[in-house]
Amino acid sequence: MAVDARALALGLTPGLALADARARVPAIDVVALDAVADDACVERIADLCDRWTPLVALDPPHGLLLDISGCAHLFGGEESLLNDIGRRFAHGGLNLRMAIAGTPDAARALARFGRGGIVPPGGEARAVGPLPVAALGIASDIVHGLSRAGLKTIAALAERPTIPLAARFGDDLLARLRRVLGREDIRITPRRPPPACMAERHFAEPIARTSDIEATLTRLMMQIADLLHKRGEGGRYFEASFFRSDGQVTRIAVETGRPVRDPKVVLRLYREKLEALDDPLDPGFGFDLIRFTVPVAEPLDEAQVSLDGRINEESDVADLIDRLVARFGRDRVQRFIARDTHDPHRTAFAVPVTYESGKGTATTLNWPAPEPYEPPLRPLQLFDPPQPVETTAEAPDGPPRRFQWRRSWHEIALAEGPERIAPEWWRRESGTPTRDYYRVEDVNGRRFWLFRAGPYRNPPAKTLWYLHGLFA
């Protein structure tokens, strides 16, 4: 599958059978292929490439595409950028073949099938001309067909009329040819969506002290706050990326239940997050780049405080929720949302408090409003599963007169029902009975929600009753 430089110098190449390789070099060292580890390594390299541009895309099997438009000048130009990338990866024992061109397809072709380098603007056609047609990324049968027709290089293919080529090999071949020649450009699809706004700080000397890191985060968050204020937006998701000098990248994210842009609020959430981390933030030999991004932002209007102070109360509750999420995680702080169903088992379900649906808007369904001066139709808390009780009731469909629950008998003073609830027909399971529910109140004023499972049955069969919930 792969060979190193020493094996290549001995005449071994990828695709050679292992027996043939050992016949040529008996002392060959063979290691089993680990595709999962290879993919994980590429992902780590892609994380490191975020220091040069936030637009990084995977180019399987072992390639990466970086959109450096508007970024090269930050590193002293394209040549300095390539040198910086090569130097950092050389420290990790990796040899790269890199190319810069006007289109991602041209850069890929030069890196995979050429010698790489920097192509001047408009020079893509001349640079990729000597490359084989396989550099277009087309199927092997098309490469074989073009070779039999004498079209072995991109330059030879570019000189041929387009109509016969499209008729013989399809329009995809011409589209790839235009992109490699630099005549058509399609942007890459980055592995991480571009953030709404971003601020970063490079350091000539890596920093490792906690005070320096917090001061940098504060300055970056203030820049982010200014950007959000000018745009009339607030962040819902904030991410701080710490790039260590040895290549390791650590990302710490916090999210909020409402748009915010107050630096004090966001920094307080980060402190909560850092204190709750099982693996503390390790600076190693120091961070040479710290970046602050806002992947999700929403419109934010200035809130006017009402005379009764409700705005302040709502803000305090939202701040508390954000701090709990930052410390314990979003899956451990939940809220209930309503579901459109008559089945009490499925009326409500719990989701993370920051759960969103659609385009960044939190799911808010209206709960049924109770009738004025009437008790609620359903208990706030249901037993799962319902608890069996012993009941004395009028036959065949009368309400219960008394029931025993947890070794205590309750005499019924008032009862309302029955309310018959059947399982939803498209979810009905075999053996699931229809339920007759009763709201009852005992002589002590305690209220219960009871149901009879299935219709009344004469002895010796026993009718089963259950307690499903308690009213507050």
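Q: Why is Val351 called buried in this predicted model?
A: Val351 has a relative accessible area of 5%. Buried means under 20%, so Val351 counts as buried. Its place is in strand β10, residues 348-352.

Q: How far apart are Val351 and Pro455 in sequence and in space?
A: They are 104 residues apart in sequence, and their C-alpha atoms are 35 Å apart in space.

Q: What makes Asp282 partly exposed?
A: The relative accessible area of Asp282 is 47%. Partly exposed covers the range between under 20% (buried) and over 50% (exposed), so Asp282 belongs there. Asp282 lies in the loop between α12 and β8. Asp282 and Met98 are 184 residues apart in sequence and 31 Å apart in space, C-alpha to C-alpha.

Q: Why is the contact of Arg192 and Asp50 called a salt bridge?
A: The N to O distance between the two side chains is 3.9 Å. The rule asks for a side-chain nitrogen of Lys or Arg within 4 Å of a carboxyl oxygen of Asp or Glu, so the pair qualifies. The pair links distant parts of the chain, 142 residues apart: Arg192 is in the loop between α10 (171-180) and β5, and Asp50 is in the loop between α3 (35-49) and β1 (56-59).

Q: Are Arg192 and Asp50 buried or exposed, or in between?
A: Arg192, with a relative accessible area of 26%, is partly exposed. Asp50 has 3%, under the 20% limit, and is therefore buried.

Q: What makes Arg112 and Asp59 a salt bridge?
A: Their closest N and O atoms are 3.2 Å apart, and the limit is 4 Å, so the contact counts. Arg112 lies in helix α5 (residues 104-113) and Asp59 in strand β1, so the pair ties together parts that are 53 residues apart in sequence. Arg112 is partly exposed at 36% relative accessible area, whereas Asp59 is buried at 10%.

Q: How do you know that Asp172 and Arg176 are separated by about one helical turn?
A: Both are in helix α10, and they are 4 residues apart, which means about one helical turn. Asp172 is partly exposed at 44% relative accessibility, and Arg176 is partly exposed at 26%.

Q: What makes Glu43, Asp47, Asp50, Arg191, Arg192, Glu239 and Arg251 one network?
A: They are joined by salt bridges that share partners. By the 4 Å rule, the count of salt bridges comes to 32.

Q: Why are β5 and β7 said to stand at the edges of their sheet?
A: The 4 strands form an open sheet in the order β5-β8-β6-β7, with antiparallel pairing. β5 (197-207) and β7 (249-260) each have a single partner strand, so one side of each is left without a neighbour in the sheet. The twist averages 10° from one strand to the next.

Q: How do you know that β6 and β7 are paired?
A: Pairing asks for at least two bridges. 8 bridges join β6 (residues 233-244) to β7, so the two strands pair, and they run antiparallel. Phe243 has Val249 as its bridge partner in β7, and Glu239 stands opposite Ala253 in β7. The two strands form a hairpin with 4 residues between them. Gly247 in the turn has a positive phi of about 100°.

Q: What makes β7 mostly covered?
A: Of its 12 residues, 9 are buried, that is, under 20% relative accessible area.

Q: Which residues touch the most other members of the largest nonpolar core?
A: In this core of 25 residues, they are Leu217, Ile224, Phe238, Phe242, Tyr270, Ile290 and Phe292. Two or more residues each come from β5, α11 (210-231), β6, β7, α12 (263-276) and β8 (287-299). The most come from α11, which gives 6.

Q: What makes Leu320, Leu324 and Phe328 a nonpolar surface patch?
A: A patch takes residues with over 30% relative accessible area and no salt bridge, with nonpolar side chains joined within 5 Å. Leu320, Leu324 and Phe328 make such a patch of about 270 Å². Leu320 lies in helix α13, residues 310-328.

How values were computed
Residues numbered from 1 in each chain as written. Predicted model: local features only at pLDDT ≥ 70, side-chain atom pairs only at ≥ 80, totals over all residues. Heavy atoms only, no water. Axes fitted to C-alpha atoms, helices over the stretch in contact; angles between N-to-C directions. Patch = residues over 30% accessible without salt bridge, like charges linked within 9 Å, V, L, I, M, F, W, Y side chains within 5 Å. Areas by Shrake-Rupley, 256 points an atom, 1.4 Å probe, with all protein chains shown as cover. Core = buried A, V, L, I, M, F, W, Y, C linked by side-chain atoms within 4.5 Å. Buried < 20%, exposed > 50% of the residue type's maximum accessible area, 1.4 Å probe, protein only.
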